[in-house]
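Me: Hi! I have a model open here and would like to talk it through with you. Can you take a look?

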Amino acid sequence: MVIIVLPTSLELITSFLAIQMIGAIPLCIYPPMGLESIDDWAKSKLELMAVDNLKAIISTEKITEKLSTEKLLKNIQLISTVQMKFSDIEFNLDFASLDE
């Protein structure tokens with residue numbers, strides 16, 4: 001299982017699909033509304049994150065920094081993403097090739 005803690009974004013969709021493609025189970029948790037509430041958010045989600053089959057947590061840099069201090073998650077790989085905007089990405093889709 002891999003937990004994804006990202007807002008609705010391209011990173012969330014990409015992470016979710018990539019986790020499914022490798023055969024793991026993605027679990028999405030919405031991040032805290034503001035960084036001032038990150039401590040309360042982490043405490044409330046820590047029990048969920050301490051499951052036996054959890055292999056990684058994908059999140060923003062600020063959240064992974066906070067989670068890295070939690071002893072229950074010391075054997076879990078924490079992966080932080082870099083925020084992207086759709087305008088930064090060039091899409092070249094060839095829909096004709098999908099019909100072949």
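Predicted model: local features only at pLDDT ≥ 70, side-chain atom pairs only at ≥ 80, totals over all residues.

Me: Let me zoom out. How many helices and strands does the protein have?

Reply: There are three helices and four strands, and along the sequence they follow the pattern β-α-β-α-β-α-β.

Me: What's the strand order in the sheet?

Reply: The open sheet runs E2-E1-E3-E4, with parallel pairing. Strand E2 (26–28) and strand E4 (77–81) stand at the edges with a single partner strand each, so one side of each has no neighbour in the sheet. On average, neighbouring strands of this sheet are turned by 20 degrees against each other, ignoring direction.

Me: Where does H2 sit relative to that sheet?

Reply: H2 (residues 38–49) packs on the sheet and touches E1, E2 and strand E3 (56–60). The direction of H2 makes about 160 degrees with that of E1.

Me: Tell me about E1, then. How many bridges does E1 share with E2?

Reply: Strand E1 (residues 2–5) pairs with E2 over three bridges, in the parallel sense. Val2 stands opposite Pro26 in E2, and Ile4 stands opposite Cys28 in E2. With E3, E1 pairs over four bridges, also parallel, and here Val2 stands opposite Ala56.

Me: Are the E1 side chains buried or exposed?

Reply: Buried, and both faces of E1 are covered: Val2 and Ile4 lie on one side, Ile3 and Val5 on the other. In a regular strand, side chains alternate between the two faces of the sheet.

Me: What handedness does the E1, H1, E2 unit have?

Reply: E1, helix H1 (residues 10–21) and E2 make a right-handed β-α-β unit.

Me: Last topic, the whole chain. What share of the residues is buried?

Reply: Buried residues make up 34% of the 100 residues. The protein exposes about 7200 Å², with 57% of it supplied by carbon and sulfur atoms.

Me: And what about the contacts between residues at least 6 apart in sequence?

Reply: Of those contacts, 50% join residues at least 24 apart.

How values were computed
Residues numbered from 1 in each chain as written. Heavy atoms only, no water. Helix = DSSP H or I, 4+ residues; strand = E, 2+ residues; numbered from the N terminus. Buried < 20%, exposed > 50% of the residue type's maximum accessible area, 1.4 Å probe, protein only. Contact = heavy atoms within 4.5 Å. Areas by Shrake-Rupley, 256 points an atom, 1.4 Å probe, with all protein chains shown as cover. Pairing = 2+ DSSP bridges. Axes fitted to C-alpha atoms, helices over the stretch in contact; angles between N-to-C directions. Right-handed = clockwise from strand over helix to strand, strands pointing away.
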